[in-house]
Amino acid sequence: MSLPISADPNAPIIVWFRQDLRLSDHEALTAACESDSPVIPLYVWDISGKSRELGSASRWWLHHSLAALSKDLDGHGSRLVIKRGEPLAILRDIIKETGARSVFWSRRYDAAERDIDATIKSALKDEGINAKSFAGHLLREPWTVRSKSDTPLKVFTPFWRAHSANLEPGDPLPVPKIPAAMTNVQSLTLDDLDLLPRKPDWSAGFTPVWAPGEAGARERLNQFLENVHAYGDLRNRPDIEGTSRLSPHLRFGEISPRQVWHAAMKHPQSEGRRVFLSEIGWREFSYNLLFYNPDIGRENIQEKFDAFPWREDNAALKAWQRGETGYPIVDAGMRQLWQTGWMHNRLRMIVGSFLVKHLLLDWRAGESWFWDTLVDADPASNTASWQWIAGTGADAAPYFRVFNPMTQGEKFDPNGEFVRRYCPEISDIPVKTIHKPWESGPLSLRQANITLGETYPNPIVDHAFGRQRALDAFQSLKKAS
Ligand code: FAD
C-alpha cells in the first residue's frame, strides 16, 4: 500500500551524495536546504555488488574527495554521514532512526546505477518517502539530445551541433545555507571504508599532482582558463601542461560542467575556448553513448567485431601495462599513468592504438587496466573512448588508422622531453632517435649508457609487422561479414 508523502516541514531530508561531491551548483542539496528541514548529508559505500566496483586509483581519489567534502560540510556546521552496505537498507535505517521523510540525489546514467536508483525510488515511494532525483552531472541529459527524427545521435559532430544549439545552461547555484548537523546519526569514519591502496600502494606520486575536492577543482579551473586561448595549440603536447586536468574533478562531480561552461564563457571568445568546450562536448557525447548502449563497457557497439581475432598474449599485456614495450612514447605514457593516475589524451590514443592494433589485444583488457589505474576512470568516457580507438564504437576511428608511435612521438613530443621525464634510462639519447632508440648507432647508445634489450627493451613487436597484422585481421573480418 502506498502511504501519503509527508509534508512535515520538520522531518529531515537525506541528501545522498554519490558522484556529485560538491556543495555549490548542487540542485539536490539546494532543494533540501531551501525547505527549512534538517538536512542529513550521506555517503554510502555500496557493497551490494550491483554496480561496477571502483578501480584502485579511483578509490584513492574518492577517499580524498570525501575528506574534502566532509571538511567543507563541517565548515558549514553540518556533517557528512558515512555508511557502508546496501544503499536501500541504509536509507531505511536512517529514515527509521531520524524520522526523515525525503531522500534527494543527483541522477546517474550507467545502466546498473540507474537500475539501483529506480528500484530505490520506487521502494521508498511505496513507503511514503519523497524520493526525488535531480540533474547536475551533464549540461544536457541524454534523453534531451536526439536527432530531428527522434533517434539517438551516434556521431559526434551532429550530436554536438544538436546539443549546443541554443545551449544556455542556467546560472550555477551558490552554496546554500546548510542547516546544522543532526549529531545523533551514527557514522563510520572515512578510514573505516579502507579506500586507500595498500597492496601495492603506488599512490605516492598522486599527492604532489592532485588536490581532490571542490576547492582543488575550482583552483584548477581558474588556473587553466587564464590560458584557455592557447588550448587549441597546446592540447596535443604531453610535454606541456596545456590541458585543464579537470577530468577527475568532473568524474567525481567536484565541479559541474555548468560551472565549467559559465567560467569559460567569461573569457574572451577564442579558438582555444571553442575547442575546450567541444571537449566538454565529448564528455556529454560519451554519456549519451553510455545511456543508449548500456553494455558499452562489455559489448562491441558494432556487432561485426564480435568475430574479431583478438590475440591472447599475457606477456605483451604485462609489458604494455608496465611501460616496457620498447616504444618510448608508449612507455612514457603508461608510466605517467602508473605514477600520477592520469595520462594525457594524445597518449591515451597512442597507447590504446598500440594495444589493440600493434599487439592485437582486446580493447577490454586496456579498458580494465585504465579503469583500475586512472583517477578519472569514467563509466562513459573510458568505455566510449576505448571503443572509439578500437574501431568498434559508434563514431569510431576507422580500423585502418594505426597510430605510428615514432611519428606521433616526434610530432607531439618534439624534443623528447616527455619521454626523458618518464623513461630516464634513455634520457641521454639525442633528439633525433629518442623516439626510436634502435636507430641510434652503437656508439651513440654506448655514450648514452644504453644496452638495448637490457637497460631498455627492444620493441616487443616490429612496427611494420604489427601494423600489417592489424590490417590483415581487419580485412579478414570484412571478408567474413
Ligand atoms: P581537457 O583537454 O582539459 O578537456 C576538458 C574535459 O573535457 C576533460 O576533463 C574531460 O572531462 C572532457 N574530455 C576531454 N576529452 C574527452 C574525450 N575524448 N572524451 C570524453 N571526455 C573528454 N576521460 C575521462 O574523463 N575518463 C576516462 O576514463 C577516460 N578514458 C579514456 C580512454 C581512452 C583510450 C581515451 C583515448 C580517452 C579517454 N578519456 C577519458 C578522454 C580524455 O583522454 C580525458 O578526458 C582527458 O585526457 C582528460 O584530461 P583533461 O582534463 O586535461 O582534458
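This is a predicted model: local features need pLDDT of at least 70, side-chain atom pairs count only at pLDDT 80 or more; totals for chains, interfaces and linings use all residues.
Biologist: Is R245 buried or exposed?
Modeller: The cut-off for buried is under 20% relative accessible area. R245 comes in at 13% relative accessibility, so R245 counts as buried.

Biologist: And N449, is that one buried or exposed?
Modeller: N449 also has a positive phi, near 65 degrees, in a residue other than glycine. Its place is the loop between α18 and α19 (463-480). Exposed means over 50% relative accessible area. The relative accessible area of N449 is 66%, so N449 is exposed.

Biologist: Which peptide bond is cis, with omega near -5 degrees?
Modeller: As background, most residues other than glycine have a negative phi, and most peptide bonds are trans. Here the place to look is the loop between α5 and α6 (214-225), where P200 is found. The cis bond, with omega near -5 degrees, runs from K199 to P200.

Biologist: Which residues have the most contacts inside the largest nonpolar core?
Modeller: In soluble globular proteins, nonpolar side chains tend to be buried together. The largest nonpolar core in this model has 86 residues. A second, separate core of 21 residues includes I90, I95, L124 and V185. Back in the largest core, the residues with the most contacts are L62, L66, W320, V330 and F370.

Biologist: Take L66 from that list: which residues does L66 touch?
Modeller: L66 is among the residues with the most contacts inside the 86-residue core. Leaving out residues up to four places away in sequence, L66 touches L21, Y43, L80, L190, L193 and L195.

Biologist: On to charges: how many salt bridges does a search of the whole structure find?
Modeller: Side chains of opposite charge can pair when their charged atoms come close. Some of these contacts join up, and R18, R108 and D117 are linked in a network of salt bridges. For the whole structure, the number of salt bridges found is 22.

Biologist: How many residues apart in sequence are the parts tied together by R258 and D25?
Modeller: The two form a salt bridge, with the closest N and O atoms 2.5 Å apart. R258 belongs to helix α9 (residues 257-265), while D25 is in the loop between β1 (13-17) and α1 (27-33), so the parts that the pair ties together are apart in sequence by 233 residues.

Biologist: What about E279: which residue does its side chain meet in a salt bridge?
Modeller: E279 counts as partly exposed because its relative accessibility is 24%, whereas R258 and D25 are both buried. In the salt bridge of E279, the N to O distance is 2.9 Å, and the side chain that E279 meets is that of R235.

Biologist: What is the separation of the closest N and O atoms between E410 and K436?
Modeller: E410 is partly exposed, at 31% relative accessibility. In the salt bridge that E410 forms with K436, the closest N and O atoms are apart by 3.2 Å.

Biologist: Which residues of helix α5 are buried, and how wide is the arc within which they fall?
Modeller: The buried residues of α5 (residues 156-164) are F156, F159, W160 and H163. What covers them includes α10. Seen down the axis of α5, they line one face of the helix, because they fall within an arc of 90 degrees.

Biologist: At what angle do α13 and α16 pack?
Modeller: Two packed helices are described by the angle between their axes and the distance between the axes. Across this pair, R346, I350, F354 and H358 in α13 meet P405, Q408 and F412 in α16. The axes are 11 Å apart, and the angle is about 175 degrees.

Biologist: What does that make α13 relative to α16?
Modeller: Angles over 145 degrees count as roughly antiparallel. The helices pack at about 175 degrees. That makes the arrangement of α13 to α16 roughly antiparallel.

Biologist: Last one: what distance separates the C-alpha atoms of K71 and G213?
Modeller: K71 is part of helix α2 (residues 56-75), and K71 counts as exposed, at 65% relative accessibility. K71 and G213 are 142 residues apart along the chain, and the separation of their C-alpha atoms is 9.8 Å.

Note on methods. Residues are numbered from 1 along each chain as its sequence is written. Side-chain values use heavy atoms; hydrogens and water are left out. A nonpolar core is a set of buried Ala, Val, Leu, Ile, Met, Phe, Trp, Tyr and Cys residues joined through side-chain atoms within 4.5 Å. Buried means under 20% relative accessible area, exposed over 50%, partly exposed in between (1.4 Å probe, protein chains only). Contact means heavy atoms within 4.5 Å. A salt bridge is a side-chain nitrogen of Lys or Arg within 4 Å of a carboxyl oxygen of Asp or Glu. Helices (H or I, at least four residues) and strands (E, at least two) are DSSP runs, numbered from the N terminus. The arc is that of the directions from the helix axis to the C-beta atoms. Axes are lines fitted to C-alpha atoms, for helices over the stretch in contact, and angles run from 0 to 180 degrees between N-to-C directions. Angles under 35 degrees count as roughly parallel, over 145 as roughly antiparallel, 65 to 115 as roughly perpendicular and the rest as oblique.
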